[in-house]
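Please examine the sequence and the structure shown below before reading on.

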Amino acid sequence: MNSLLEETKFILKKYGITANKSLGQNFLINQEIINEMIEKAQISESDLVIEIGPGLGTLTKELLEKAGKVIAIELDKRMLEILTDRFKLYKNFELINEDVLKVNLKELIKHEIIQNKEGNLPILNKVKIVANLPYYITTPIIMKLLEENLPIESITVMVQKEVADRLIEEPGGKNSGAITYAVYYYAIASEIVKVMPNSFIPEPSVESKIIKLDIRKGNIVEVEDEDLMFKIIKYAFMQRRKTFVNALEKSNIFKSKEHIVEMLKKLGINEKIRGEVLSLKDYANITNYVTKM
Ligand code: SAM
């Protein structure tokens with residue numbers, strides 16, 4: 001018998017709720033997968049863990065046993081009573097009822113790290129993100145976590161398999177998309193485990209993967225204007241079957257098509273190349289060339 005399945009069904013029944021599909025609610029019921037996720041996230045007493053979308057609190061319960069503090073951010077009001085009932089005895093639990101995309105994570109982290117230096121809780125000196133993400137907003141959440149340059153160590157998340165493959169791909173690889181370059185710029189990505197639909201209730205229609213992004217401590221490429229670089233990458237991938245020159249022609253970033261060709265020549269890049277096979281270093285060089293124009 002799967003006790004986590006029984007427990008999940010019991011909680012849903014007790015509070016009279018059903019999963020809300022439009023909020024990406026697929027609750028984890030596979031203890032082995034949870035154990036693996038917690039182990040690979042390497043959580044200790046000195047960690048502040050931010051969990052996105054705690055739902056019924058299945059992962060949260062395990063996180064609370066290991067972390068110095070857990071801040072859980074949940075949009076669905078119906079979960080608040082459940083989570084508060086379940087974790088009222090834990091002094092290291094805080095719940096925020098908000099859309100994660102609207103939360104000022106930088107301020108939140110700053111406040112916690114400072115506050116806990118003066119309080120009685122163990123001193124928190126590292127911040128880790130752990131989540132079984134709502135799949136409908138995976139990309140904006142990942143981009144927010146990366147682009148806001150938060151003082152975080154790692155992001156350990158469950159995402160849809162196809163998205164995972166894109167996030168852990170090397171730039172220029174067969175699964176790469178614009179987001180691959182962003183992840184590679186900010187983090188070292190690795191796959192932890194593939195997860196089948198029957199590890200959740202209700203079962204999602206897709207397979208999943210847990211991945212970990214370890215945030216880089218230094219820069220992998222030197223680029224003067226990060227925003228511009230990601231804008232160029234986005235243009236190149238919007239029309240990924242075109243050559244880089246044709247895809248960027250109407251971007252307003254370059255004066256003319258001839259100008260792009262001239263730049264590529266100067267940078268030693270073939271003018272017929274497609275953007276999807278350029279490396280991050282190539283994009284950094286292109287960006288620095290444009291910045292100096
Ligand atoms: N952590 C639970 C688990 O593993 O069983 C639930 C994971 S479920 C895939 C995703 C959770 O994210 C749901 O609880 C959902 O309500 C919540 N959620 C959806 N959109 C959100 C948002 N914009 N901000 C915060 N939480 C959100």
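Which residue has a backbone N or O atom that lies 3.4 Å from an oxygen atom of the ligand? That residue is Gly55. The structure is a predicted model, and its ligand sits in the largest pocket. The points below begin with this ligand and then turn to the chain itself.

**The ligand and its surroundings**

- The ligand has 590 Å² of accessible area on its own, and the protein covers 99% of that area.
- There are 22 residues around the ligand, and those that come nearest are Gly53, Glu74, Asp99, Asn132 and Tyr136.
- Strand 1 (27-28) and strand 3 are the elements that give two or more residues to the shell around the ligand.

**Polar atoms facing the ligand**

- Asp99 has an N or O atom in its side chain at 2.9 Å from a nitrogen atom of the ligand.
- Gln25 places a polar side-chain atom 2.9 Å from an oxygen atom of the ligand.
- In the case of Gly55, a backbone N or O atom lies 3.4 Å from an oxygen atom of the ligand.

**Strands 3 and 4**

- Strand 3 covers residues 69-74 and strand 4 covers residues 93-97; the two pair in the parallel sense over 5 bridges.
- Within this pairing, Glu74 stands opposite Asn97 in strand 4.
- Glu74 is also one of the residues that come nearest to the ligand.
- Together with helix 4 (residues 78-87), strand 3 and strand 4 make a β-α-β unit, and this unit is right-handed.
- As a general point, the side chains of a regular strand alternate between the two faces of the sheet.

**Two backbone features in loops**

- Where is the cis peptide bond with omega near -15°? This bond runs from Ile201 to Pro202.
- Pro202 belongs to the loop between strand 8 (200-201) and strand 9 (208-215).
- Asn149 is not a glycine, yet it has a positive phi of about 45°.
- The loop that contains Asn149 lies between helix 6 (138-147) and strand 6 (154-160).

Technical notes: Residues numbered from 1 in each chain as written. Predicted model: local features only at pLDDT ≥ 70, side-chain atom pairs only at ≥ 80, totals over all residues. Heavy atoms only, no water. Pairing = 2+ DSSP bridges. Helix = DSSP H or I, 4+ residues; strand = E, 2+ residues; numbered from the N terminus. Right-handed = clockwise from strand over helix to strand, strands pointing away. Near = heavy atom within 4 Å. Polar contact = N/O pair within 3.5 Å; in protein donor to acceptor, adjacent residues only side chain to side chain. Areas by Shrake-Rupley, 256 points an atom, 1.4 Å probe, with all protein chains shown as cover. 1 Å grid on protein atoms, 1.4 Å probe; cavity = no way out; pocket = protein on both sides within 12 Å on 5 of 7 lines; lining within 4 Å. Sits in = over half its atoms within 2 Å of the grid points.
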